[in-house]
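Biologist: I'm new to this one, so please take me through its aromatic ring pairs up close. Then show me a bit of what else is around in the fold.

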Amino acid sequence: MNAISQLYRRFNTLRGRRVFILPTRFGVLYSIFLLLILLAAINYSNSLGHILCFLLASMGQLAIHYTYRNIAKIELLRVHSEPCFMGQAIPFYCRFDNPNRHDCYHLDIASKQSTERSWNPFKNITGFRYQTHQALTSLIAQQSTTHRITLASLQRGQQTIGQIRLSTRFPVGLFDTWTYFTPDCVALVYPRPIGQLPLPSASGDGETHHGEQQKGADDFSGFQAYRDGDPVHAIAWKAMARDDTLRTKQFSSSVSGQLLLSWQATASLIDTEARLSQLCRWVLDSEEQGLEYGLMLPNLTIDVGRGDAHKQRCLTALALYD
């Protein structure tokens, strides 16, 4: 049995990836049309009818070959993603390689996150349950191409791209050929950065340092683009009337310090997702204002710091909080 299993694995390696092919609706009508021509030619003993029928049948056979060849050797080299916030589209970057000596045309890319199967086998076979993305017009011969796929962020945390379906009907649309890829790529979805609670006081929640400037609520320091969760009273309505751009007013004071963004500071918010969103908003605000801040969750504590790496660490902890 072991020898048979090894032979089967070697056969699968040599055979390569599975490629499926079925006639389209137009292909089925094409076959019926050929059958009617053949019956008429036999009935009337018409030589030209036989020639026409066999000529069209040979074209259909060539269509099978070229449709299969258009997708058979294409490989998915890698897939990587970028983190995003809940509610934003998740970008996945798929790099396809075309080792053929000819270009490949009109490739459709679809993905499916759910593993559920339908009672209708036709939907399972033909890919009706896959979410279609923008098509690839061509893949240049012996070159690699990166294609961007966007998916809706369904929930906070980790989200996979799922199974990818690559299909084509090139060149004449008589046959639908497809193959599957299952990449191991996981995207990180941060909580939605919204919340109405003010940023905690440095003097109350952490060590205080004087001599630097901190954005607070004393002196006007400028404008910044409006973001979800900014208080309504901070919107610069007069500036908006001039150029129709929504901005919020920023204020500064002469005191800055180290903030500790703790889970207990959001106790007034009952919902867990709302508390995570508020903490996410605080992390972004603290980073923009140049403050040193730490994060305290029930299951994790991140020391005080500042910078892009520290921000990503805090956002990752919020995204993966369970």
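Modeller: Happy to. The chain has eight helices and 17 strands, where helices (H or I, at least four residues) and strands (E, at least two) are DSSP runs numbered from the N terminus. Keep in mind that this is a predicted model, in which local features need pLDDT of at least 70 and side-chain atom pairs count only at pLDDT 80 or more, while totals for chains, interfaces and linings use all residues. Residues are numbered from 1 along each chain as its sequence is written, and side-chain values use heavy atoms, with hydrogens and water left out.

Now to the rings. Searching the whole structure turns up six aromatic pairs. Rings of Phe, Tyr and Trp (its six-membered ring) pair if their centres lie within 6.5 Å; planes under 30 degrees apart are stacked, over 60 edge-to-face, and the rest tilted. One of the pairs is Y105 with F170, a tilted one with 5.4 Å from centre to centre and 40° between the planes. This pair links distant parts of the chain, 65 residues apart: Y105 sits in strand β5 (residues 104–112), and F170 in the loop between β10 (163–168) and β11 (175–181). Y105 is partly exposed at 34% relative accessible area, and F170 is also partly exposed, at 25%. Here buried means under 20% relative accessible area, exposed over 50%, and partly exposed in between (1.4 Å probe, protein chains only).

Next come W263 and Y321, whose planes meet at 35° with ring centres 5.1 Å apart, so this pair is tilted. W263 belongs to the loop between β15 (247–262) and α7 (272–288), and Y321 to the segment after α8 (308–319), so the pair ties together parts 58 residues apart in sequence. W263 is buried, at 10% relative accessible area, and Y321 is buried at 14%. Elsewhere, F20, W178 and Y180 make up one aromatic cluster.

How do contacts look across the whole chain? Of those between residues at least 6 apart in sequence, 69% join residues at least 24 apart; a contact means heavy atoms within 4.5 Å. Buried residues account for 41% of the 322 in the chain. The chain exposes about 19,200 Å², with carbon and sulfur atoms supplying 55% of that; accessible areas come from the Shrake-Rupley method with a 1.4 Å probe, and for residues only the protein chains shown count as cover.

On to the strands. Two strands pair if DSSP finds at least two bridges between them. β16 (residues 292–297) and β17 (residues 300–305) pair antiparallel over four bridges, forming a hairpin with two residues between them. Within it, M296 has T301 in β17 as its bridge partner. There is also an open sheet of three strands, ordered β3-β12-β9, with mixed pairing. Its edge strands, β3 (84–85) and β9 (157–160), each pair on one side only. β3 runs parallel to β12 (residues 186–190), joined by two bridges, and C84 stands opposite V189 in β12.

Last, the surface. V28, L29, I32, L35, L36 and L39 make a nonpolar patch of about 570 Å². Patches consist of residues with over 30% relative accessible area and no salt bridge, joined within 9 Å for like charges and within 5 Å for nonpolar side chains (Val, Leu, Ile, Met, Phe, Trp, Tyr); a salt bridge is a side-chain nitrogen of Lys or Arg within 4 Å of a carboxyl oxygen of Asp or Glu. I32 lies in helix α2 (residues 25–44) and is partly exposed, with a relative accessible area of 44%.
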